[in-house]
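This briefing covers aromatic pairs, charges over rings, and backbone geometry. Please keep the sequence and the model at hand while reading.

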Amino acid sequence: MSKSYVFPEGFVWGAATAAYQIEGSPLADGAGPSIWQRFAHTPGRMLNDDNGDIACDHYNRFRDDIAIMKSLGLQSYRFSISWSRVLPEGKGRVNQKGLDFYERLVDTLLENDIAPVATLFHWDLPAALDDRGGWLNPDVADWFGEYSEVMFKRLDGRIKRWATLNEPWVVTDGGYLHGALAPGHRNRFEAPIASHHLLRAHGKSVQAYRAIGQHDIGIVVNIEPKYAASDSAEDQAARDRAEAYMNRQYLDPVFFGKYPEQMRDIFGEAWPEWPQADMDLISQPIDFIGVNYYTRNVTRHDESSWPLKASPVRQPQHTYTETGWEVYPQGLTDTLTWVKQRYGNPQVFITENGAAFFDPPKAERGRVRDPLRVSYLRQHLRAVHDAIDAGCNIGGYFVWSLLDNLEWSLGYSKRFGIVHVDYQTQTRTPKDSARYYAGIVASHGARL
Ligand SMILES: CO[C@H](O)c1c[n+]2c([nH]1)[C@H](O)[C@@H](O)[C@H](O)[C@H]2CO
């Protein structure tokens, strides 16, 4: 007898995007520049010198995109708010037209019975704040708290689920340690400082929410489960370091008020000691966590790898995506059960899961066949259901992404959308995966 994949009553089905990746019009109507506006206009930083000036033109086309969400039967939509659209200098003066855009977006979602889930920070820090040190300036936590308060006062109640940060690990590792993402620093002394102030900012936002908010607030983290390449002590230790560095560096402080002990091994003299007051601020109770899952990592010791001394081992027996990520759905079940066991079964939303496979630049007679993505979604949604069967408290799933969009420094070269975007004409075409996902939503999983 095959298993039924019907999901629990109340499980929410959605799709996710982020401001700089889809909106376009980054400086319209009084918006200030973000660090991604600057990074994308810095020669050599972006593949093909792509940038977010137009992207998916969602700033102008959001009503059409919401109509597509409605046609797919989506119940929720995770998007991010561009901080510098609302506060052009990052603090102080509010740009009402920037706020108005997000109010129109939210109200149109609600008119279509789609619940908005807002991420306050999805990497696009206001450039004006970066000029003051950005995530390296301790004041950034207060700046983020101020911005959070502006958004809560205007939209809380219509938005009932807020995420403070999207993936502080990527911001730190990409933006401050390895330099592949904005602001493009490569400094192992800066990375732990930026990382800590990101978490302090999360704490200030939660504090602000508790004073004025009436609903739920959480944080979104990327989790990539680590599996030792062998039983050797070296590989096991490398796995432990990699897990501490990516998967525990943020959730341990949020849930336990302390960093993993491996952090000092990894960063050595570059790892500061932080005051307990900071850890108390960071570890205030939250209502949910968002988990972004894409792949796993089979990890071996690698003396030459900086600063982790750990490297991935390719798994040729499995399919890899266009971004070089192994397709490994069991890793999603393992991730969700790990979160349950380690952090006391908090409410979890899968806030991102998806894959970039090659899709043509143009639809063919109104159709885009993407069988690999259909298979990816089927396997990973079954993996979510297996985790629910194992007792995990999973509130919903947001596919990454609704639309093909700007894949950060990889530009438009990678397509993650279930809806195809022709960037020359801005024509949207639901891919086969969108139709498949719509069927899963309509049947609440029964058609998996
Ligand atoms: C390291 O993978 C991360 O979990 C991750 C993958 N992704 C992300 N985080 C970001 O949240 C999105 O903005 C990306 O577009 C998306 C696809 O790359």
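Helices (H or I, at least four residues) and strands (E, at least two) are DSSP runs, numbered from the N terminus. The model is predicted: local features need pLDDT of at least 70 and side-chain atom pairs count only at pLDDT 80 or more, while totals for chains, interfaces and linings use all residues. Residues are numbered from 1 along each chain as its sequence is written, and side-chain values use heavy atoms, with hydrogens and water left out.

**Backbone geometry**

- Most residues other than glycine have a negative phi, and most peptide bonds are trans.
- The peptide bond from W306 to P307 is cis, with omega near -5°; P307 belongs to the loop between β8 (297-301) and β9 (310-312).
- W400 and S401 are also joined by a cis peptide bond, with omega of about 10°, and S401 is placed in the loop between β11 (394-400) and β12 (419-422).
- D57, although not a glycine, has a positive phi of about 55°, and is found in the loop between α2 and α3 (58-72).
- With a relative accessible area of 14%, D57 is buried (buried means under 20% relative accessible area, exposed over 50%, and partly exposed in between, with a 1.4 Å probe and protein chains only).
- N345 is not a glycine, yet has a positive phi of about 55°; N345 lies in the loop between α14 (330-343) and β10 (348-353) and is partly exposed at 26%.

**Aromatic pairs**

- Rings of Phe, Tyr and Trp (its six-membered ring) pair if their centres lie within 6.5 Å; planes under 30 degrees apart count as stacked, over 60 as edge-to-face and the rest as tilted.
- By this rule there are 37 aromatic pairs.
- One of them joins W169 and Y245, whose ring centres are 5.9 Å apart with planes at 75°, so the pair is edge-to-face.
- Because W169 lies in helix α8 (residues 168-177) and Y245 in helix α10 (residues 233-248), this pair ties together parts that are 76 residues apart in sequence.
- Both W169 and Y245 are buried.
- F7, F11, W13, Y397 and Y437 are linked into a cluster by ring pairs.

**Charges over rings**

- A charge sits over a ring if NZ of Lys or CZ of Arg is within 6 Å of the ring centre and within 35 degrees of the ring normal.
- R296 lies over the face of Y227, 5.3 Å from the ring centre.
- The charged end of R314 is over the ring of Y320, at 3.7 Å from its centre.
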